[in-house]
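Please look through the sequence and the structure shown here before reading on.

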Amino acid sequence: MTVAQPALGASKRPSRLRKLWDTLSVVLNSRIGTVGLAIVVFWVVIALLSLFWTPYPPNSSLFVQNLPPNLTNVLGTDHLGRDLASRLMQGTQVILLKTRLPGDTHVAIPGGVALWGVFGSLFLGAILGLNAGYRGGWWDQVIMQVLDALIAFPVIVLYLVIIAALGQGDLVVIFAITITGAPGVARLVRSLALDIKTRDYIRAAETRGESLAYIMYREILPNARGPLLVDAMLRVGYAIFAIGTLGFLGLGLPPPDPDWGNMVNEARRNIFLNQWAVIFPSLAIASLVVGLNLFADGLREEITRYQK
Amino acid sequence: MATTTSLDTSSITYGHTGPVLKLENVAIAYKVRGGEIEAVQNVSFEINRGESHGLVGESGCGKSTVAWAVVNFLGANGYVKRGSIRFLGRELTGRSGEDLRRLRGDQIAMVYQDPMQALNPSLRLGDQLKEVLTVHRGMADAEAARRSIEMLERVYMPDAADVMRRFPHQISGGQQQRVVIAMALLNNPALLIMDEPTTALDVTVEAAVLDLIADLRREFDTAIMYITHNLGVVARVCSKVGVMYAGEMVERGLVEQIFKRPQHPYTQGLMRCVPKLGADKASSMLYPIRGRVPPPHSRPIGCVFGPRCDYAQERCRMERPALRTMPNGVQVRCHFAEDIDPSQWQPHEDVELPTLREVVASEPILEVQHLKKYYEVSGSTIKDILGLRPKSYVKAVEDATFTVQKGRTLGVVGESGCGKSTLIKTIIGLEDSTDGKAEFMGFDITGNIASRDIKLIQELQMVFQNPDSTMNPSYTVGQQIGRPMVRFKTVPKKQVRDEVIKILQAMRLGETYYDRLPRQLSGGEKQRVGIARALASHPNLVLCDEPVSALDVSVQAAILNLLLDAQSKLGTTMVFIAHDLSVVRFFSDDVAVMYLGQIMEIGPAEAIYAPPYHPYTEALLSAVPIPDPTAAQKHIRLEGSVPSALNPPSGCRFHTRCPQRHFAPEGGAVCATQIPPWQETDNGHKIFCHIPLETLRTFDPVISHKEKD
């Protein structure tokens, strides 16, 4: 059997980053996936750029109020005479790049609110889903009934309840996204676990007397990563949408950083005077969400194509 | 309209005198990303009326592709690239779909491997059968029903009129395949294509279906194209056979000639891979074919079999041989067919052959007494839910008693659903047992794995059936083999890598496999890694659950050799489950025959395969397809299907189907009422039967040879 073996994958252990890129790069084979990726990359670049440079300070009223787009202010100004382009750029940071800790400490941790929120729901959802799917029986019943009950609430009501109870703040928004996202992730992971646990390699692990935790997190979870990755991309889109909604209701991310939803809400009052201040933040939210959705679609298409 | 067409075609059928199907130099290609792949090259053969033509070869050799090309089923990206396919004298290639439909009419029928997928689960069988006639022929409903019942009776379906009213799930797998065959025959097709029609069936059911096909060949004037990987099946139903390898027909001729004197090195190699029924590891050896089937895009320029051939010479590498007709009428695609003498053959030095060690009887390592495993069945009525009705149980294993001695192999055979798998799941601790005693190395193992000590777990490992799911796709080969060493701390962490490489070399895989992922391996390689993982912690007992049944014969031979080698080097004890009786005979020292959760016969392998037999063993043996057309087999067929384990028959569980019951005391009346005694012959051979041993001894052996060679 060892004869005539082509030197396949000459041995060098691939790094974790390399593996992730191998998974993600298949998306370039799909046209819509590539478009989605381009949109997402555009916003990430904008966010990184805004860390070092914006055309004007985003929070100072330097200009005439409610200007339409012109040569000085590319996207116009808002009702307080602040540059819209600078505020939009700065607004990407809280979503994608930083989470401000509570208090007046100005300390931020890397990773935006949307990303941490999705990470939270993946983490919580995966634990619940694995326990429900692999253990089965009463574990399954109890976990899934509670989660189904949670799903029965309209999401927006849950947001309002959580924020009313805990007050405004980045961490609270992350918590809200985690709680509302976890049931969906748990259902996905449960269905994958139900399938994967019938495979022989799980039997092999059981006959080695491996612990429940090892089987769930080391044997099952890695094989669920493809569908989970796609789901995570979609969820980042939903999370951005949720942040926008909360901002619009005035419950979102607190100042001083501009928040896209809040920008729409404030500009709405002057909509007959200046439509641009509503249109541009709305477009920003829509394009990022659509971009992530296209990217996720492309990823799903390509991952399932090679699954056989 | 439909009537006239079918009248037309049938008149042409009868007017046509040449072969029903004639393929000439057919090449079939699939378009893929960045080019195309020629899956089949240069295939020529013809099938006459009333002839049954087999196509054999390992998976990926293009057998099914040929069949699909005939029925234009190649999919969107496949097409016939060269050559001609003539059906009843008319060319099929290069025509549009509608044209083809009209030409073929209802003259070609196909039977697939899985009958459940060929039948619509939501329609009654009668409606599905009648539809063939009412739609294709415009026949009236009552007439169609009458014809369908007639046809069901012709395929020996018991109670045909009743079957018409049933749904597919209400009849057994063998009966489903009969219905599919009946459906295919309803239109009296000129050509019947069968693609592995018995592969999914149990050996006793397979035997009955093969009998049916052989009968049909005689009665109907149909040409049959029979695709299979099993040489024994070909020997039983075909008159001619073509051996395919890597998309080419390498040898073709009458079945008797091919089996008696194979002339192509590949055919010879195939025959050496399969254990003969009755051969054991001490007296015979399996010789796997070295290397593997080349994928279609990297076939050699010369002979396709050249790189694996023991006789290959310079000419074989440079020039592709043509299919030549030999003096005895057999066609062979080999430059040196005349010069090859298989009796002078010596295995190539690359071929891995096991070194066997004489196993002396020693102390028992596994002792099982009256082991039972019942599964509780929850009913769905309100009474069941409230617990008002007594609970019912599936009695998967009922009273298993046996011992396995250190260093020996116990083979377990039986049809599917007889409790083989449950038995080893209970032993390894994936399930806890319901009742009985089980001791391994003196420790109690009736509980499941959670109740066992880690040292005990380490000594009991398992090899699984399906190569595609035996390895975790997320981890490399090295990580997976190393895991048991880390888990059981048999090797210090720093030396795990070296130890894994040692095992890989013992499995003839080499160090380069350490960092490969499962998707980069072939089925046989995955199975080797599965075995390596099971052996990594140096267990005392390895349970093998059909480790070779999903593999091609040449790979199967290599894996069996590997297991034998590992066993003799490490002194491992094994329990080996398989449904292939020749493999079990070859591999095992002792054999247990199971039926419906009950061990029917147990003893040394050579004693099981010779009289006195248990009647069930006798039936199993007479059902095995033997790759030797000259062998005569007793014709014993079991009636009906295996009864439900939920409510097994009283007395002897086999009495409802036992063909020899009349030999038992009181004309077989005791069989239904009393549990049979264990009758012991010599050297530990025990038979669970009412029929006196003296009577059992008088039975003839199942297999005899018409002519000795």
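Helices (H or I, at least four residues) and strands (E, at least two) are DSSP runs, numbered from the N terminus. This is a predicted model, in which local features need pLDDT of at least 70 and side-chain atom pairs count only at pLDDT 80 or more, while totals for chains, interfaces and linings use all residues. Residues are numbered from 1 along each chain as its sequence is written, chains are lettered from A and ligands numbered from 1 in the order in which they are written, and side-chain values use heavy atoms, with hydrogens and water left out.

**A threonine in a loop**

Thr446(B) sits in the loop between β17 (443-444) and α16 (454-459) of chain B. Buried means under 20% relative accessible area, exposed over 50%, and partly exposed in between (1.4 Å probe, protein chains only). Thr446(B) counts as buried because its relative accessible area is 18%. A polar contact is a pair of N or O atoms within 3.5 Å; within protein, one must be able to donate a hydrogen and the other to accept it, and residues adjacent in sequence count only if both atoms are side-chain atoms. The side chains of Thr446(B) and Asp444(B) make such a contact, at 2.9 Å. Contact in general means heavy atoms within 4.5 Å. With neighbours within four places in sequence left aside, Thr446(B) is in contact with Asp432(B), Ser433(B), Gly436(B), Lys437(B) and Ala438(B).

**Chain A as a whole**

Chain A has twelve helices and two strands. Along the sequence, their pattern is α-α-α-β-β-α-α-α-α-α-α-α-α-α. The C-alpha trace of chain A spans about 75 × 50 × 35 Å along its principal axes. Of the 308 residues in chain A, 48% are buried. Among contacts in chain A with a separation of 6 or more, 64% join residues 24 or more positions apart.

One of the buried residues is Ile303(A), as its relative accessible area is 16%. Ile303(A) belongs to helix α12 (residues 276-306) of chain A. Its C-alpha atom is separated by 24 Å from that of Ile127(A), 176 residues apart along the chain.

The predictor's confidence in each residue is given by pLDDT, from 0 to 100. Chain A has a mean pLDDT of 86, and 93% of its residues reach 70 or more. Over residues 1-12 of chain A, pLDDT stays under 50, and the model has 17 contacts beyond four places in sequence for them.

**Cores and cavities**

A nonpolar core is a set of buried Ala, Val, Leu, Ile, Met, Phe, Trp, Tyr and Cys residues joined through side-chain atoms within 4.5 Å. The largest has 176 residues, of which Ile181(B), Leu191(B) and Met225(B) touch the most other members. Helix α20 (residues 553-570) of chain B gives the most to this core, with nine residues. A second, separate core has 42 residues, including Val172(A), Ile174(A), Ala232(A) and Ile243(A).

On a 1 Å grid over the protein atoms alone, a cavity is a set of points where a 1.4 Å probe fits but cannot get out, and lining residues have an atom within 4 Å of a point. Grid points are joined across faces, edges and corners, and a volume is the space filled by probe spheres set on the points. There are six cavities of 30 Å³ or more. The largest cavity holds about 140 Å³ of space. Its lining has 14 residues, and Gly269(B), Arg272(B), Ile289(B), Asp310(B) and Trp345(B) lie nearest its centre.

**Backbone exceptions in chain B**

Most residues other than glycine have a negative phi, and most peptide bonds are trans.

| Residue | Phi | Relative accessible area |
|---|---|---|
| His370(B) | about 50° | 46%, partly exposed |
| Lys489(B) | near 55° | 67%, exposed |

His370(B) lies in strand β13 (residues 364-377) of chain B, whereas Lys489(B) is in the loop between α17 (477-488) and α18 (496-506). Arg508(B), which follows α18(B), has a positive phi near 55°. The peptide bond from Pro611(B) to Pro612(B) is cis, with omega near -5°.

How values were computed: On a 1 Å grid over the protein atoms alone, a cavity is a set of points where a 1.4 Å probe fits but cannot get out, and a pocket is an open set with protein on both sides within 12 Å along at least five of seven lines; lining residues have an atom within 4 Å of a point.
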